[in-house]
Amino acid sequence: FPPAAFVLPRVQLVRTDEATHLTVVRVDGDRDALERDVERVAEEIAELPAMRPVGDPPGIVASRRTTTEAEWAAGIEAAIERIEAGDLRKVVLAVALAVTLEEKLTIPDTLERLRRSYPDCFRFLTQPSDEAGFFGVPPERLVRLDGRHARTEALAGTVARGETPEEDATLADSLLESEKLQHEQALVTEAIEEHLSPLGDVTVAEQGVRKLATVQHLHTPIEADLVGDRHVLDLVEALHPTPAMGGLPTATAERVIRETETFERGWYAAPVGWFDADGDGEFAVGIRSAVAGGRRATLFAGNGIVADSDPEAEWEEVGLKLEPILAALGD
């Protein structure tokens with residue numbers, strides 16, 4: 001993977017509530033050939049099944065975290081020392097999980113399983129070759145821009161889903177009542193508001209709980225009416241990395257991440273999205289993600305660390321964030 005990449009699609013299909021739009025691109029200026037391309041692609045799409053058939057998951061032979069629990073605990077304790085010393089407020093530390101599969105992985109099949117299990121999350125795939133790619137099912141929008149209206153959100157704090165409605169509600173209440181998680185969420189919300197305020201009028205909505213298939217998070221919607229025209233990449237630059245991805249202060253947190261983590265993040269937690277010719281677009285963040293190819297996959301997940309973080313509890317929580325892709329692979 002290069003440091004960054006943008007792709008101009010040769011074929012693009014956009015579905016909205018009102019219509020489905022097919023765009024085909026040629027760069028040689030041959031209009032007759034372009035019309036033939038559109039007809040051919042439309043015929044190919046018409047022959048596709050309405051729902052993608054999905055085979056069995058590849059199955060998991062073995063998995064191991066590349067960071068040991070002892071290394072994880074030592075990294076968190078070192079981060080807490082810096083927080084208590086005053087030069088760090090929060091840092092997001094991540095783990096990587098190396099997985100060996102029984103069969104070769106078909107990434108589009110995996111994405112379809114994730115779509116069915118997590119219909120309210122984003123899904124993305126960037127695939128440099130037919131067999132290998134970077135994909136994920138992030139729950140978090142970095143930013144969406146429509147004209148001069150921007151939408152983003154703060155998402156922090158994680159607990160499992162309950163086995164009964166009563167247990168689920170109790171766990172959700174624990175998110176709302178936790179001083180540690182409320183502090184973590186406040187850091188993210190305040191930083192986003194601070195970074196957007198120079199660009200326009202910011203509105204922070206009431207905090208709630210975002211419920212997914214296996215976990216639930218604190219969630220605060222944030223919107224902004226911008227002064228002047230902006231490209232969505234201006235907003236990506238202003239916001240990324242939010243404290244939910246990096247930490248505070250940003251530069252100090254980035255140093256701590258490089259010094260602490262036992263693997264290279266690559267595109268993990270990077271902005272992933274699209275923009276159009278007007279500069280409108282939408283970006284999520286590449287979390288709950290994996291790099292995979294053949295019979296191997298590496299999964300990534302991270303947790304926000306603040307002053308009262310407990311290494312053992314954080315170790316268990318980060319495991320919850322690995323579950324979506326693990327389940328899609330067959331565990």
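Reply: Of the 331 residues of the protein, 44% count as buried, meaning under 20% relative accessible area with a 1.4 Å probe and protein chains only. This is a predicted model, where local features need pLDDT of at least 70, side-chain atom pairs count only at pLDDT 80 or more, and totals for chains, interfaces and linings use all residues. Residues are numbered from 1 along each chain as its sequence is written, and side-chain values use heavy atoms, without hydrogens or water.

The fold comes next. The protein has 8 helices and 16 strands; these are DSSP runs, with helices H or I of at least four residues and strands E of at least two, numbered from the N terminus. The radius of gyration is 21 Å, close to the 20 Å from the globule rule for 331 residues, so the protein is as compact as a globular protein of that length. That radius is taken over C-alpha atoms, and the rule is 2.2 Å times the number of residues to the power 0.38. Among contacts with a separation of 6 or more, 72% join residues 24 or more positions apart; a contact means heavy atoms within 4.5 Å.

Now the cavities. Rolling a probe the size of a water molecule over the atoms shows where empty space is left. A cavity is a set of points on a 1 Å grid over the protein atoms alone where a 1.4 Å probe fits but cannot get out, and lining residues have an atom within 4 Å of a point. Points are joined across faces, edges and corners, and a volume is the space filled by probe spheres set on them. The count is 4 cavities of 30 Å³ or more.

The largest cavity has a volume of about 210 Å³. It has 23 lining residues, and the closest to its centre are Ala 244, Met 245, Arg 288, Gly 302 and Lys 321. Strands S4 (90-101), S8 (149-160) and S16 (296-305) and helix H8 (311-329) each supply at least two lining residues. By class, this lining has 10 nonpolar, 6 polar and 7 charged residues. Here Ala, Val, Leu, Ile, Met, Phe, Trp, Tyr, Cys and Pro count as nonpolar, Asp, Glu, Lys and Arg as charged, and the others, Gly among them, as polar.

The second largest cavity holds about 60 Å³. Its lining includes Thr 67, Trp 72, Leu 93 and Glu 261. Helix H2 (69-85) and S4 each give at least two lining residues. H2 has the largest share, 4 residues. The classes here are 4 nonpolar, 3 polar and 2 charged.

Notes: 1 Å grid on protein atoms, 1.4 Å probe; cavity = no way out; pocket = protein on both sides within 12 Å on 5 of 7 lines; lining within 4 Å. Buried < 20%, exposed > 50% of the residue type's maximum accessible area, 1.4 Å probe, protein only.
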